[in-house]
Amino acid sequence: MKLIHIILALFLTTSLSSYTSLAQGDDTVYSLADKQPVYPGGMAAFFRYIETNLQYPVAAQAKGVEGRVFVEYIVEKNGKISGAKILKGLNNECDQEAIRLISNTATWAPGEIDGKKVRVKMALPLHFKLPK
């Protein structure tokens, strides 16, 4: 029974220290927030942005390259995108296009924890598929 109390005390201490650092303006990057970041107009608008602005690299098309690029990025407290990086790439041209596309999105509504704006890490698969 004592082990359960120790684990519970450790959990509560960790949780409280997270909220204390958040109150002090901590720059922690969260994977999940009470209120997740939102693209202007919602996810349907985000997918329209991707569909409209994705530029399939000519070199990749010529080589017949198809597949997914997984890109990770941070929605900052001001709603801007930073730290875009490839988690799983396809080829250099498609990877660079994924970074360009995500880095140039409109300003998001930032994530929040306890009503305070926080940095939130997001990830997205982008599909590169040649027309038939």
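Why are Glu97 and Arg100 in helix 4 separated by about one helical turn?

Modeller: First, the ground rules. This is a predicted model, in which local features need pLDDT of at least 70 and side-chain atom pairs count only at pLDDT 80 or more, while totals for chains, interfaces and linings use all residues. Residues are numbered from 1 along each chain as its sequence is written, and side-chain values use heavy atoms, with hydrogens and water left out.

Now the pair. Glu97 and Arg100 are about one helical turn from each other because they stand 3 residues apart in helix 4, which covers residues 92–103. Helices (H or I, at least four residues) and strands (E, at least two) are DSSP runs, numbered from the N terminus. An α-helix has 3.6 residues a turn, so residues three or four places apart point the same way.

The side chains of Glu97 and Arg100 form a salt bridge, at 2.6 Å from N to O. A salt bridge here is a side-chain nitrogen of Lys or Arg within 4 Å of a carboxyl oxygen of Asp or Glu. Buried means under 20% relative accessible area, exposed over 50%, and partly exposed in between (1.4 Å probe, protein chains only).

Next, the helix itself. The expected span of a helix is 1.5 Å times one less than its number of residues. For the 12 residues of helix 4 this gives 16 Å, and the end C-alpha atoms are 16 Å apart, so the two values agree. Besides Glu97, the buried residues of helix 4 include Cys94, Asp95, Ala98, Ile99, Leu101 and Ile102. Among the elements that cover the buried residues of this helix are helix 2 (42–53), helix 3 (58–62), strand 2, strand 3 and strand 5.

The loop between strand 3 and helix 4 holds Gly89, which is partly exposed at 39% relative accessible area. Apart from neighbours within four places in sequence, Gly89 is in contact (heavy atoms within 4.5 Å) with Arg68 and Asp95.

Glu72 pairs with Lys85, their closest N and O atoms being 3.6 Å apart. Glu72 is in strand 2 (residues 67–75) and Lys85 in strand 3 (residues 81–88), 13 residues apart, and the pair links distant parts of the chain. Glu72 counts as buried at 14% relative accessibility, while Lys85 is partly exposed at 44%. Arg119 pairs with Glu76, with 2.7 Å between the closest N and O atoms. Arg119 belongs to strand 5 (residues 116–128) and Glu76 to the loop between strand 2 and strand 3, so this bridge ties together parts 43 residues apart in sequence. Arg119 and Glu76 are both buried. The whole structure has 5 salt bridges.

Of its 132 residues, 33% count as buried. The mean pLDDT (the predictor's confidence in each residue, from 0 to 100) is 85, and 81% of the residues reach 70 or more. Over residues 1–24 the pLDDT is below 50, and this stretch has 9 contacts in the model beyond near neighbours in sequence.
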